[in-house]
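Have your viewer ready and try each task before reading on.

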Amino acid sequence: MWSPEREAEAPAGGDPAGLLPPEWEEDEERMSFLFSAFKRSREVNSTDWDSKMGFWAPLVLSHSRRQGVVRLRLRDLQEAFQRKGSVPLGLATVLQDLLRRGELQRESDFMASVDSSWISWGVGVFLLKPLKWTLSNMLGDNKVPAEEVLVAVELLKEKAEEVYRLYQNSPLSSHPVVALSELSTLCANSCPDERTFYLVLLQLQKEKRVTVLEQNGEKIVKFARGPHAKVSPVNDVDVGVYQLMQSEQLLSRKVESLSQEAERCKEEARRACRAGKKQLALRSLKAKQRTEKRIEALHAKLDTVQGILDRIYASQTDQMVFNAYQAGVGALKLSMKDVTVEKAESLVDQIQELCDTQDEVSQTLAGGVTNGLDFDSEELEKELDILLQDTTKEPLDLPDNPRSRHFTNSVPNPRISDAELEAELEKLSLSEGGLVPSSKSPKRQLEPTLKPL
């Protein structure tokens with residue numbers, strides 16, 4: 001089933017058939033209704049109005065998200081949603097409704113809502129609005145001109161978050177201050193044009209995650225240290241560090257250029273030697289040596305600048321650690337505010353006293369139960385004597401000895417005379433493993449009778 005969320009996951013590009021709602025190609029009657037203009041008022045037919053708005057509003061926003069843009073125009077949308085040579089006649093009404101709900105905002109209004117003194121006409125951000133636009137706004141006409149740029153508010157916030165994460169994961173984040181030109185290069189893939197890049201910076205500034213300052217004709221951007229932190233104004237330390245970083249880059253580029261020049265002089269000397277031009281080779285070698293001395297001097301300066309930057313970074317880290325310790329001490333003081341050694345000792349004494357009281361209560365309760373169950377020992381002795389007397393008069397009905405009951409129940413004990421037993425014994429013979437009857441013994445075999453113990 002089609003949904004704006006699934007469409008948003010589609011790659012950037014046009015609107016292939018698979019990325020549009022199913023009825024786009026299958027239901028002519030439905031699409032004819034959707035491409036028709038809205039009624040002048042929702043009250044005329046609220047069902048038809050809501051059906052069209054529910055179709056086009058999510059589609060407009062998901063189309064912009066899929067294209068990776070935050071700026072949209074009515075004319076661009078009409079071209080994007082052409083179907084069989086027809087354009088949707090109600091898109092202007094859809095944009096007006098999105099403006100009313102705050103999901104879209106006019107680009108000029110958004111820029112005016114942010115304190116952006118660093119933006120000027122020279123950076124190519126603003127476009128002069130035609131006079132008829134201004135007159136229409138003054139006269140209260142809410143129609144959206146086909147060329148007016150609108151900003152998708154939620155998409156702009158997402159793009160600003162993307163740029164912030166991109167900066168945080170880049171080498172530029174080693175220091176919170178970065179040149180605007182370097183940041184623009186870093187965000188080239190995320191922001192397709194200069195206007196989008198400036199809109200993103202304005203959104204980050206609105207969220208107090210960046211601040212922009214113009215220094216010696218060049219704009220620099222300062223980022224907040226953490227994702228949930230607020231950016232502080234650019235101070236002298238930030239400017240000084242930025243200038244040192246710029247000096248480091250200039251020195252590095254100069255060293256690289258001189259290294260290439262030294263290599264070129266060396267190659268010229270080699271060619272001169274091959275050609276037998278000794279004086280020319282010597283001049284080239286002298287130029288190479290002079291260039292190498294300049295490289296050594298620049299390396300020394302570069303090391304100094306880098307050393308200063310390292311110390312600044314270390315001091316910033318130390319300041320962060322100091323602030324963390326200070327916050328920890330403050331929190332510990334608050335947590336131990338009402339705790340003293342005297343109070344702790346008093347609390348321990350109270351606990352011990354309560355434990356002693358509990359033990360006494362337990363002993364008292366146990367003694368009360370025992371006293372309630374006491375019996376007279378003389379009465380118990382008399383009752384025991386009566387039981388003993390009854391026992392001597394009548395035998396106790398005790399169970400039989402298990403051993404004797406076993407043999408009595410399992411072995412028959414017929415009454416046989418002594419003569420019969422002797423006759424039987426004579427017929428028995430001794431064999432290995434015990435007594436067994438001989439071959440002349442009668443069929444009736446008698447087992448020895450075991451008397452119970």
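## Exercise 1: Two salt bridges with accessibility

**Task.** Decide whether R101 is buried, partly exposed or exposed, and find which residue R101 forms a salt bridge with.

**Solution.** 
- Step 1. R101 has a relative accessible area of 40%, so R101 is partly exposed. Keep in mind that the model is a predicted one.
- Step 2. The salt-bridge partner of R101 is D97, and their closest N and O atoms are 3.2 Å apart.
- Step 3. Both R101 and D97 belong to helix α6, where they sit four residues apart, about one turn of the helix.
- Step 4. D97 has a relative accessible area of 10%, so D97 is buried.

Now try a second pair. K219 forms a salt bridge with E214, with 3.9 Å between the closest N and O atoms. The cut-off for a salt bridge is 4 Å from nitrogen to carboxyl oxygen, so this pair is counted. K219 is buried because its relative accessibility is 13%, whereas E214, with a relative accessible area of 45%, is partly exposed.

## Exercise 2: A salt bridge across the chain

**Solution.** 
- Step 1. Widen the view: a network of salt bridges links R73, R75, D76 and E147.

As background, side chains of opposite charge can pair when their charged atoms come close.

## Exercise 3: The largest nonpolar core

**Task.** Find how many residues the largest nonpolar core has, which helix gives the most to this core, and why the core lies between two domains.

**Solution.** 
- Step 1. The largest nonpolar core holds 56 residues, and W24, W56, L95, L104, V221 and F223 have the most contacts inside it.
- Step 2. Helix α4 (residues 46-67) gives the most to this core, namely eight residues.
- Step 3. Domain 1 (13-104) and domain 2 (156-221) both give residues to the core, so the core lies between them.
- Step 4. Apart from this core lies another, of 13 residues, including L244, L258, I295 and I312.
- Step 5. Zoom in on W56. With neighbours within four places in sequence left aside, W56 is in contact with W24, L34, F35, F81, P88, L91 and V94.

## Exercise 4: Ring geometry

**Task.** Count the aromatic pairs, then classify the pair F55 and W56 from the angle between their planes.

**Solution.** 
- Step 1. There are ten aromatic pairs.
- Step 2. The ring centres of F55 and W56 are 5.0 Å apart and the planes meet at 90 degrees, so the pair is edge-to-face. Both F55 and W56 are buried.
- Step 3. Repeat this for F197 and Y198: their ring centres are 5.8 Å apart and their planes are at 65 degrees, so this pair is edge-to-face. F197 counts as buried because its relative accessibility is 5%, and Y198 counts as buried because its relative accessibility is 7%.
- Step 4. Look for a cluster: W24, F35, F55, W56 and F81 form one.
- Step 5. Check for charges over rings. The charged end of K52 sits over the ring of F38, at 5.4 Å from its centre. The charged end of R209 sits over the ring of Y164, at 4.6 Å from its centre.

## Exercise 5: Positive phi

**Task.** Where do K84 and K208 lie, and what is phi of K84 and of K208?

**Solution.** 
- Step 1. K84 is placed in the loop between α5 (74-80) and α6 (91-101), and its phi is near 55 degrees, a positive value in a residue other than glycine.
- Step 2. K84 has a relative accessible area of 62%, so K84 is exposed.
- Step 3. K208 is found in the loop between α11 (194-206) and β5 (210-215). K208 is not a glycine, yet its phi is positive, at about 60 degrees.

Conventions
Residues are numbered from 1 along each chain as its sequence is written. This is a predicted model: local features need pLDDT of at least 70, side-chain atom pairs count only at pLDDT 80 or more; totals for chains, interfaces and linings use all residues. Side-chain values use heavy atoms; hydrogens and water are left out. A nonpolar core is a set of buried Ala, Val, Leu, Ile, Met, Phe, Trp, Tyr and Cys residues joined through side-chain atoms within 4.5 Å. Buried means under 20% relative accessible area, exposed over 50%, partly exposed in between (1.4 Å probe, protein chains only). Helices (H or I, at least four residues) and strands (E, at least two) are DSSP runs, numbered from the N terminus. Domain bounds come from an automatic or database domain assignment. Contact means heavy atoms within 4.5 Å. Rings of Phe, Tyr and Trp (its six-membered ring) pair if their centres lie within 6.5 Å; planes under 30 degrees apart count as stacked, over 60 as edge-to-face and the rest as tilted. A charge sits over a ring if NZ of Lys or CZ of Arg is within 6 Å of the ring centre and within 35 degrees of the ring normal. A salt bridge is a side-chain nitrogen of Lys or Arg within 4 Å of a carboxyl oxygen of Asp or Glu.
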